[in-house]
Amino acid sequence: MTERPQQFASDNYAGLCPEAWAAMAKANAGSAPAYGEDVWTKMAADAFRNLFEAECEVFFVFNGTAANALALSSVCQSFHSVICSAAAHVETDECGAPEFFSNGAKLLTAASADGRLTPALLRGLATSRSDIHFPKPSAASITQATETGLVYSVEQVRALSFACRELDLKLHMDGARFANACAALDCAPADITWRAGVDVLCFGGAKNGLGLGEAVIFFDRALAKDFEYRCKQAGQLASKMRFLAAPWLGLLESGAWLRNARHANSCARRLADKVRGLPGLSLAFPVEANAVFLNAPETVLDALRKKGWRFYTFIGGAALFMFAWDADPAQVDALAADLAEIAQSNMAFNRKVR
Ligand SMILES: *Cc1c(COP(=O)(O)O)cnc(C)c1O
């Protein structure tokens with residue numbers, strides 16, 4: 001089997017981008033106060049306030065599961081529920097952490113063909129019951145960009161937050177790929193967050209070029225009350241916080257957060273453009289961010305695996321390819337060329353046996 005120089009199975013296969021690495025090295029000079037009392041943490045939080053043009057509260061945690069679970073536990077009590085898409089990472093990939101950290105709040109999931117939550121789905125679930133026996137809806141969670149590689153438009157986020165206000169729900173955004181969404185929409189980060197009614201955002205760092213780390217950003221500052229205690233209790237308070245915070249500063253100050261996301265998105269479009277129209281292949285979802293979901297016959301997928309390509313098929317059986325800051329366009333082209341060759345020989349074979 002061919003050893004591939006680069007794989008596109010996930011956007012967290014990438015290493016640290018140079019800007020994050022350099023910031024890490026800079027923060028490594030000498031000693032600094034611990035537990036977030038250092039200048040790096042303060043500067044990184046200020047950089048977020050700058051980026052969002054808002055006096056938001058900013059916290060740094062180790063990963064996305066913790067960010068989401070702790071953010072959600074700050075918008076609900078144990079008897080509450082949180083409405084999300086059935087495809088939401090908080091539902092399918094966090095091992096029950098949101099329920100665990102909220103001491104039992106329940107996720108109410110809406111089946112959605114493309115993974116997006118809509119105001120109608122949200123209203124349907126929020127108003128399905130109002131009696132004492134049902135966990136009271138207290139928040140909604142949306143993923144931007146979605147697990148299916150789609151992006152909520154500014155209008156869609158606004159429509160959802162409008163429904164949330166009406167139903168007295170807080171709005172949480174899982175932004176593991178928030179930068180990719182900003183790049184796709186070419187809008188100010190504020191436009192799809194607080195200006196559109198988002199109360200708390202989990203801004204993903206790992207998939208944007210950090211080694212690790214996510215930022216929890218409260219636009220509704222009252223919700224951030226005692227959040228540092230939640231972080232500490234959950235084992236998410238870094239003692240050498242500067243190493244969690246400084247790489248963010250590197251990403252934000254240099255603009256790499258957006259450059260990285262633009263590059264990743266463009267590599268997804270590059271692959272999509274090259275495989276569109278190949279016999280037997282189709283895109284399972286429109287390519288709006290950094291992911292390509294490819295429907296293909298099992299024989300094609302097997303042949304692709306034999307050529308050394310790694311990919312997952314956990315969403316509807318489609319082969320998933322994801323791109324990060326480090327995606328090499330030449331390797332994207334190599335993948336596309338292999339797909340073309342396999343698809344064409346598969347078609348020729350099918351003709352012969354018929
Ligand atoms: C990757 C990801 C996360 C974070 O996952 P961790 O592995 O816990 O860091 C959260 N939400 C979505 C949609 C993701 O893709």
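**View 1. The second largest cavity draws at least three lining residues from each of domain 1 (18-255) and domain 2 (257-353).** The model is predicted: local features need pLDDT of at least 70 and side-chain atom pairs pLDDT 80 or more, while totals for chains, interfaces and linings use all residues. Residues are numbered from 1 along each chain as its sequence is written, and side-chain values use heavy atoms, without hydrogens and water. A cavity is a set of points, on a 1 Å grid over the protein atoms alone, where a 1.4 Å probe fits but cannot get out; lining residues have an atom within 4 Å of a point. The lining consists of Asn 180, Lys 207, Asn 208, Asn 260, Ala 261, Ala 264, Asn 290, Phe 323, Ala 324 and Trp 325. Helix H11 (residues 256-275) gives the largest share, three residues. Helices (H or I, at least four residues) and strands (E, at least two) are DSSP runs, numbered from the N terminus. The volume is about 30 Å³, taken as the space filled by probe spheres set on the points, with grid points joined across faces, edges and corners.

View 2

**View 3. The largest cavity has a volume of about 40 Å³.** Two cavities of 30 Å³ or more are counted by this rule. Lining the largest cavity are Leu 72, Ser 73, Cys 76, Val 82, Pro 98, Glu 99, Ser 102, Ala 105, Lys 106 and Leu 107. Helix H3 (64-73), helix H5 (97-101) and strand S3 (106-110) are the elements that give two or more residues to this lining. By class, there are six nonpolar, two polar and two charged residues. Here Ala, Val, Leu, Ile, Met, Phe, Trp, Tyr, Cys and Pro count as nonpolar, Asp, Glu, Lys and Arg as charged, and the others, Gly among them, as polar.

**View 4. Helix H1 (residues 18-27) has Ala 20, Ala 23 and Ala 27 as its buried residues.** Seen down the axis of H1, they fall within an arc of 65°, so they line one face of the helix. The arc is that of the directions from the helix axis to the C-beta atoms. Pro 18, Trp 21, Ala 25 and Lys 26 are exposed on the other side of H1. Buried means under 20% relative accessible area and exposed over 50% (1.4 Å probe, protein chains only). Helix H2 (39-52) and helix H10 (242-254) are among what covers the buried residues of H1.

Methods
Contact means heavy atoms within 4.5 Å. On a 1 Å grid over the protein atoms alone, a cavity is a set of points where a 1.4 Å probe fits but cannot get out, and a pocket is an open set with protein on both sides within 12 Å along at least five of seven lines; lining residues have an atom within 4 Å of a point. Domain bounds come from an automatic or database domain assignment.
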